[in-house]
Amino acid sequence: MLPTVEWTDEGVKLLDQLQLPATVTYRLCRNYQEVAEGIREMVVRGAPAIGVTAAMGAALGVVQSPARDMAALRQEFAGIRATLAATRPTAVNLFWALERMNQTFEAAAASGDLGEVRRRMREEALAVCAEDIAINRAIGRYGAALLPAAGEVLTHCNAGALATAGYGTALGVIRAAVEDGKALRVLADETRPYLQGARLTAWELQQDGIPTTVITDNMAGHFLHSGRVGAVVVGADRIAANGDVANKIGTYSVAVLAHENGVPFYVAAPLSTLDLSLASGEQIPIEQRAAAEVTHLRGVPITPEGVAVANPAFDVTPNRYVTAIITEAGVARAPYQASLAALAGGARGQSA
Ligand code: MRU
């Protein structure tokens, strides 16, 4: 797979997901404002990829800053973080990455050397990127064991290589299972209104030669009832301390339908997607997006002009519908309050 996000001497390069699958092209972000724009416009999207991009944007801002003393650089860095933080509200990986970069800044600032701060920021952003791929491979290893030896697996949105620095979370689990020799076929929800499933999941699985069938979102119930689907695997944008999961709009419906039909519903996500400061999913901020995403298809209106539209980009799946949460540290099961806290606190492997 092509890299989603790349640090270059000219700036941060983003694989332009607005153009996929028709055209494979990169957008160069020459400063941190352009990086923020790339996240806001969804040139890059998916919680872990947003986190990696924000880390690179933060580093780029500090590297390029004309500040001549630490106080001025610190002040400018606060503005850089605020700009990047104001891009998208739901994926907690964005705020996690900015906090990590802030800690790096402060640790390096103790040296009193501006050059050292700039060098360490760049290094840390590259580390966040490299770690993300390693984390996804670990998630894949834990998750692969949960999938059936053969048959269909349903996924929603795109939680693949494109949504991360590489390999993917939910699609990483599927990739790892296929690498283990499992004969899986993927049912990819198209994921209205933004079509991440139809455009992105189908594209990247096709590149890998993993058999994929795109279905419209309202077909998921039909297929889950058919007995053909062995498991559902999705990603997450934010997971509360009690295991409630915010993910792409439509995930909740899939989870309820999976539960009703006795199909296991797995969530694959790095520990950086946990927000243990939130007791439940009710407190997760849900991004509301432009009406035009619902009223228009590729610029063509599909609704009467002036009709009222709602466009929440995410929903929250209550923990009771989640069979397990697969992280790089192991697999959490209910009660999630305890199992997620244990994994976040350094425990590894399966938790009760
Ligand atoms: O609006 P998007 O495309 O950024 O939403 C992406 C999702 O909801 C993904 O499922 C989630 O971020 C997990 S990506 C590994």
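**The ligand and its shell**

In this predicted model, a polar backbone atom of Gly46 lies 2.9 Å from an oxygen atom of the ligand, a polar contact (N or O atoms within 3.5 Å). The side chain of Arg88 places an N or O atom 2.8 Å from a ligand oxygen. For Asn247, a polar side-chain atom is 2.6 Å from an oxygen atom of the ligand. The protein buries 100% of the 420 Å² that the ligand exposes when taken alone (Shrake-Rupley method, 1.4 Å probe).

Local features need pLDDT of at least 70, side-chain atom pairs need 80 or more, and totals for chains, interfaces and linings use all residues. Residues are numbered from 1 along each chain, and side-chain values use heavy atoms, without hydrogens and water.

Now the shell. It holds 19 residues, each with a heavy atom within 4 Å of the ligand. Among those that come nearest are Ala47, Asp237 and Lys248. Eight shell residues are nonpolar, seven polar and four charged, with Gly counted as polar and Cys, Tyr and Pro as nonpolar. Helix H2 (47-64) and strand S9 (245-248) each give at least two residues; both are DSSP runs (helices H or I, at least four residues; strands E, at least two). Domain 1 (5-134) and domain 2 (138-351) each contribute at least three, with bounds from an automatic or database assignment.

Next, the backbone. A cis peptide bond links Arg192 to Pro193, with omega about 0°. Pro193 belongs to the loop between strand S5 (183-189) and helix H7 (196-208). Ala334 and Pro335 are also joined in cis, omega near -5°. Cys157 is not a glycine, yet its phi is positive, about 65°.

Conventions: Polar contact = N/O pair within 3.5 Å; in protein donor to acceptor, adjacent residues only side chain to side chain.
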